[in-house]
Amino acid sequence: MDLENIRREYLSEPLSRATLLKDPFAQFSQWLEAAMHARLPDPTAMTLATVDANLQPHQRTVLLKHVDDDGFIFYTNLNSAKAKDIRQNNKVSLHFAWLPLNRQVRIEGQAKPLPTSTVIKYFIRRPRDSQIAAWVSQQSSPIDSRHFLENAFNQMKEKFRHGQVPLPDFWGGFKVIPNKFEFWQGRPNRLHDRFVYDKVDERWTIQRLAP
């Protein structure tokens, strides 16, 4: 398998300091809207990187469920590997790869637990089967078979046959509060445009980086 010769040119419009918005959240929202408008698959998918107690990094893809002027929200099982990592070290990074648009965004910050009231508001809007699945999956724990998982789902579905599905006490969410953003725009000849926003004294500074 020849991987060395797999390459393409990134023929994109330039990203310049003059066109960047002053607020990185506004810049992110602009790019997210462009990804959604382009109908990219899973435009809200983001890689979440954490580090465990042995300083071993872990990455996985989760879905962004809300972004505001304060941070980025995702939901998960609170007994999952990612949640355990965050409880020991809440410094995390996020990565959005909108490769058909030749764009990437990298974010660094701290993950903070969401209040139960926020989690409940989201949970009750989930599809019913997704609510039931939250009860079934002891995320990151070993299981014997797919059959075991599906059987547990059917049993839980019967248990909650009447009425609303309650919020599991082991299910919640986190908000990632950023202190750094990097916006990457692919450009010809690997001379990519990269700009980093750093938070200094509660203000955002902007700096171009070498590709």
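Y122 counts as buried because its relative accessibility is 15%, where buried means under 20% relative accessible area, exposed over 50% and partly exposed in between (1.4 Å probe, protein chains only). W171, at 9% relative accessibility, likewise counts as buried. The model is predicted, so that local features need pLDDT of at least 70 and side-chain atom pairs count only at pLDDT 80 or more, while totals for chains, interfaces and linings use all residues. Residues are numbered from 1 along each chain as its sequence is written, and side-chain values use heavy atoms, with hydrogens and water left out.

Rings of Phe, Tyr and Trp (its six-membered ring) pair if their centres lie within 6.5 Å, with planes under 30 degrees apart counted as stacked, over 60 as edge-to-face and the rest as tilted.

| Pair | Centre to centre | Angle of planes | Class |
|---|---|---|---|
| F72 and F181 | 6.0 Å | 55° | tilted |
| Y122 and W171 | 6.2 Å | 5° | stacked |

F72 in strand β4 (residues 72-77) and F181 in strand β7 (residues 171-185) are 109 residues apart, so their pair links distant parts of the chain, and both residues are buried. Helices (H or I, at least four residues) and strands (E, at least two) are DSSP runs, numbered from the N terminus.

F72 and F181 also belong to one aromatic cluster, whose members include F25, F28 and W31. In helix α1 (residues 24-37), F25, F28 and W31 are among the buried residues, whereas E33 and H37, on the other side of α1, are exposed.
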